[in-house]
Amino acid sequence: MEWREIPLFPPFLCSRASPFPFRSRFPCFPVSPYHHTLMSSTIVRQWHILGRTLPIGERTLVMGVLNVTPDSFSDGSQFSSFDRALEHAEQMIAEGADIIDVGGESTRPGATPVSAEEEVRRMIPIIEQLAARSSVPISVDTTKALVARAALDVGAAIVNDVSGLRFDFHIADEVVKSGAGLVLMHSRGTPATMHKLPPVADIMEEVKGSLRTSVAMAERRGVKSESIVIDPGIGFGKSQEQNIEVIAKLDQVARAFPDFPILIGTSRKSFIGHLLHDAPVTERLYGSIASITAAILRGADIVRVHDVKAAAETVKLADAIRGASKSHKLA
């Protein structure tokens, strides 16, 4: 965050791009170059990930999910073989994925924990081959520093930590060493306990407070703010009603964290199934699309999805609507 002083001009002119080089005795509000203001529709932020950047704000980015686990809630062991996983990743890239998120340990409620060595065995061959074949950034979905290090060494560019550094804060150290991007997600408890926890009274304050703690921890370990993305963590210790509330009030998260892009993952999750009369995972596509549309209109910058083609088309429409809304407000 940067402070500047200019006389009698609106606060947004205090940003780094201010054309006024002079200073005065008049105070100025603190303004981040990423701040969500009325000017935000013309500002494109940059997410710094391992020697390159991804544009944030130009359009919503699509993160495709690649689970190489035998017990994922959404696709089971469908992509646990090397060839099928690689084929699916390449299909998602062809369908418009901007990022591929590779996970080697299921975080569904009651999932069996696996060792770091097992995660490495499952993921590293896939990440290494994908990095060699494609320029699309690869994210490693892990809560373990050892796994993050191994993935970054073979070409991953982002670490997606669903624990927000609660389980292993040394993940931040690995991100600093490599210059990778870091996703910090809000969650409560562990996969074994999170759905047994009593709901908190105010989920929005819980999400914002926990994310502030995670961001502060990352920055204390040396992670640059421009490398961080936050995720409010749909599911992960929230009730069905609270999941819906978080999506509906996502703009509150955007205002509370103006410097950080927001990633959200609603795809195929159980709250959608409950709302759709206990629809199984295979019948949650339309509900998933509705939820990511709502999230984009409330401020999401990146959506994490299983059905990339449908999501990529949805994003185009939602972005057009959001852009028209911003233009109307500016007018």
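In which helix does L275 lie? The answer is α8, a helix that covers residues 270-275. Please keep in mind as you read that this is a predicted model.

**Around L275**
- L275 is partly exposed because its relative accessible area is 45%, which falls between the 20% limit for buried and the 50% limit for exposed.
- Together with I244 and L276, L275 makes a nonpolar surface patch of about 230 Å².

- For a look at one pairing, take strand β7, residues 181-185: it runs parallel to β8, and 4 bridges join the two.
- Within this part of the sheet, L182 stands opposite I228 of β8.

- Helix α3 spans residues 145-153.
- Its buried residues are A145, V147, A148, A150, A151 and L152.
- Two strands are among the elements that cover these buried residues: β5 (138-141) and β6 (158-161).
- The cover also includes two helices, α2 (116-133) and α4 (170-178).
- After α3 comes G155, which has a positive phi, near 125°.

Technical notes. Residues numbered from 1 in each chain as written. Predicted model: local features only at pLDDT ≥ 70, side-chain atom pairs only at ≥ 80, totals over all residues. Heavy atoms only, no water. Patch = residues over 30% accessible without salt bridge, like charges linked within 9 Å, V, L, I, M, F, W, Y side chains within 5 Å. Areas by Shrake-Rupley, 256 points an atom, 1.4 Å probe, with all protein chains shown as cover. Salt bridge = Lys/Arg side-chain N within 4 Å of Asp/Glu carboxyl O. Buried < 20%, exposed > 50% of the residue type's maximum accessible area, 1.4 Å probe, protein only. Pairing = 2+ DSSP bridges. Contact = heavy atoms within 4.5 Å.
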